[in-house]
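Student: Before I use a model like this one, I want to know what stands behind each label. Please take me through the terms one at a time.

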Amino acid sequence: MKFSAVSLARQALSGHKDWPAQWRSPEPKRYYDAIIVGAGGHGLATAYYMAKEHGIANVAVLEKGWLGGGNTGRNTTIIRSNYLWEASEGIYGHAHKLWPGLSQELNYNVMFSPRGVMLLAHNHHDEQAFRRHIHANRLAGIPNEWLTPEQARDFCPILNIDANIRYPVRGAALQRTGGTARHDAVAWGYARGASARGVDIIQNCEVKAILRDASGAVTGVETTKGEIATRKIGVVAAGNTSVVMAMAGLRMPLESFPLQALVSEPLKPVMPCVVMSNAVHAYMSQSDKGELVIGAGTDGYVSYSQTGGPHIAVSTLEAICEMFPITSRLKMLRNWGGIVDTTPDRSPILSKTPVAGLYVNCGWGTGGFKATPGSGHVFAHLLATGEPNEIAAPFALDRFRSGNLVNEATAAAVAH
Ligand SMILES: Cc1cc2nc3c(=O)[nH]c(=O)nc-3n(C[C@H](O)[C@H](O)[C@H](O)COP(=O)(O)OP(=O)(O)OC[C@H]3O[C@@H](n4cnc5c(N)ncnc54)[C@H](O)[C@@H]3O)c2cc1C
């Protein structure tokens, strides 16, 4: 069903009781042209673009839990593209161009809101690093600008720029075209679009083994719903990538850390933009419901628990109260965690693998939500054609052997 003023009015007349399910929930077929492991935003976007742009719709997206229940539904939804290297500007810039038209593309409101993302500098090193990013970004045509502390406060009036606080604000890098989007809606919109084009989305279907023939090429997967045959598998399992790839005998250059976030009770609008601070590991924006959405840093050790350490939440809230004193008596409603998969150079992996027919999209760490449309788009090309396009090519797995790294430690090591 196409969403429009007419369909809304028609459903209103029947008390909104006749809206159809937004995607089909079929039983798995015995064979698919391609299987995607993981129904997060990246996996669903991949399936959508495979069907739409490459005409390959005999595809299954297998999800061990519920659609969007991984990091996609757990993140703080910050969208920006001000990374350092050209390769990163390629992939994040590609995604950044797709966001403004995504609601129209999917006929589903993803609530993209380019309200501006401000990254605070608290010391000399921050300032030097952010100015370097600004120069590199502007050479590449990516908007990013330097603000004095007073300009930063004007952009976000609740920001504390007192020079005597523990981490005083020395300035900020502002990407005005950055912002937020509704994370669930991104997953739901891609699921709806993919399903309408014939892709089977199968929830509660965990991949337990990757099946291979005598030559080593993939032949299918064993799941909690039985065996499913295919010649092509795309693993898009974020924090569980190492576990899934080990099923094919591959050891990935990844570490999986818990990363957590919190939301407050709802307030009237107080926060017009997104503010991030790498130095104190705290990030904040305001949702359309009025809750303040707060992101913390990763735990200091690897783990597969989808929850973060309480001490991390405490130190994040201390930093938030110092940066935004009006929050000091605010009540927190809930906190939760996800598992983020980080690479040694803090850049993603979009790649073929040494196993014929096995492809992987992972390593987005603390900041992959923003890349969802671009990542799905280029990974669909890789799966459909067997070769990466020029945007995906720098993110091949063999860069960890060749040493041709894309080091985004400053832009992405802690920032979202
Ligand atoms: C607290 C938090 C805050 C964040 N904030 C931001 C932010 O502000 N901005 C930003 O850009 N990014 C942010 N991120 C990162 C971002 O959420 C992720 O990079 C992105 O969502 C990854 O999407 P995905 O589709 O690859 O993974 P996921 O959404 O995690 O999807 C992977 C799916 O694979 C499934 N799966 C795993 N193993 C199997 C199996 N064996 N069989 C079947 N299915 C399997 C999982 O259940 C999961 O649903 C944040 C992450 C967290 C945790």
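What follows is a short exchange about the labels used for this structure.

Tutor: This is a predicted model, in which local features need pLDDT of at least 70 and side-chain atom pairs count only at pLDDT 80 or more, while totals for chains, interfaces and linings use all residues. Residues are numbered from 1 along each chain as its sequence is written.

Student: Why is Thr 298 called buried?

Tutor: A residue is buried if 20 or more other C-beta atoms lie within 10 Å of its own, exposed if 12 or fewer, and partly exposed in between, with C-beta atoms placed from the backbone. Thr 298 has 25 other C-beta atoms within 10 Å, so it is buried.

Student: Where does Thr 298 lie, and what does Thr 298 touch?

Tutor: Thr 298 lies in strand β16 (residues 291-298). Strands are DSSP runs of E with at least two residues, helices are runs of H or I with at least four, and both are numbered from the N terminus. Leaving aside residues up to four places away in sequence, Thr 298 touches Phe 257, Pro 258, Leu 259, Val 340 and Thr 366. Contact here requires that the C-beta atoms, placed from the backbone, lie within 7 Å. Thr 298 and Ile 339 are 41 residues apart in sequence, and their C-alpha atoms are 9.1 Å apart in space.

Student: What makes strand β4 (residues 117-121) largely enclosed?

Tutor: Five of its five residues are buried, so β4 is largely enclosed by the rest of the structure. Both faces are covered: Val 117, Leu 119 and Ala 121 are buried on one side, and Met 118 and Leu 120 on the other.

Student: How many of the nine residues of helix α1 (residues 5-13) are buried?

Tutor: The count is zero, and α1 is hardly covered. Gly 15, which follows α1, has a positive phi, near 65°.

Student: How do you know which strands pair with β4, and in which sense?

Tutor: Two strands pair if DSSP finds at least two bridges between them. β4 and strand β6 (residues 171-175) have five bridges and are antiparallel. β4 and strand β14 (residues 274-277) have three bridges and are parallel. Val 117 stands opposite Gln 175 in β6, and opposite Val 274 in β14.

Student: Which sheet holds these strands, and why are β5 (145-147) and β17 said to stand at the edges?

Tutor: The sheet is open, has eight strands in the order β5-β6-β4-β14-β15-β16-β13-β17, and has mixed pairing. β5 and β17 each have a single partner strand, so one side of each is left without a neighbour in the sheet. Neighbouring strands of this sheet are turned by 20° against each other on average, direction ignored. Within the sheet, strand β15 (residues 282-286) is joined to β16 by four bridges, and the two run antiparallel.

Student: How does helix α9 (residues 310-323) lie relative to β16?

Tutor: α9 lies across β13, β14, β15, β16 and β17, and runs at about 125° to β16. Axes are lines fitted to C-alpha atoms, for helices over the stretch in contact, and angles run from 0 to 180 degrees between N-to-C directions.

Student: What makes β10 and β11 a hairpin?

Tutor: Two residues stand between β10 and β11 in the hairpin. Strand β10 (residues 218-223) and strand β11 (residues 226-229) pair in the antiparallel sense over four bridges. Opposite pairs include Thr 223 with Gly 226 and Gly 220 with Ala 229. Three strands form the open, antiparallel sheet β9-β10-β11.

Student: How do you know where the domains are?

Tutor: Domain bounds come from an automatic or database domain assignment. The assignment gives domain 1 (26-79 + 183-253 + 345-412) and domain 2 (117-176 + 255-342). Their C-alpha centres lie 29 Å apart, and 17 residues of domain 1 are in contact with 18 residues of domain 2.

Student: Which residues come nearest the ligand?

Tutor: Gly 38, Gly 40, Gly 70, Gly 338 and Gly 368 come nearest, out of 40 residues around the ligand. A residue is near a molecule or strand if its C-beta atom, placed from the backbone, lies within 6 Å of it. The shell draws at least three residues from each of domain 1 and domain 2.

Note on methods:
Contact = placed C-beta atoms within 7 Å.
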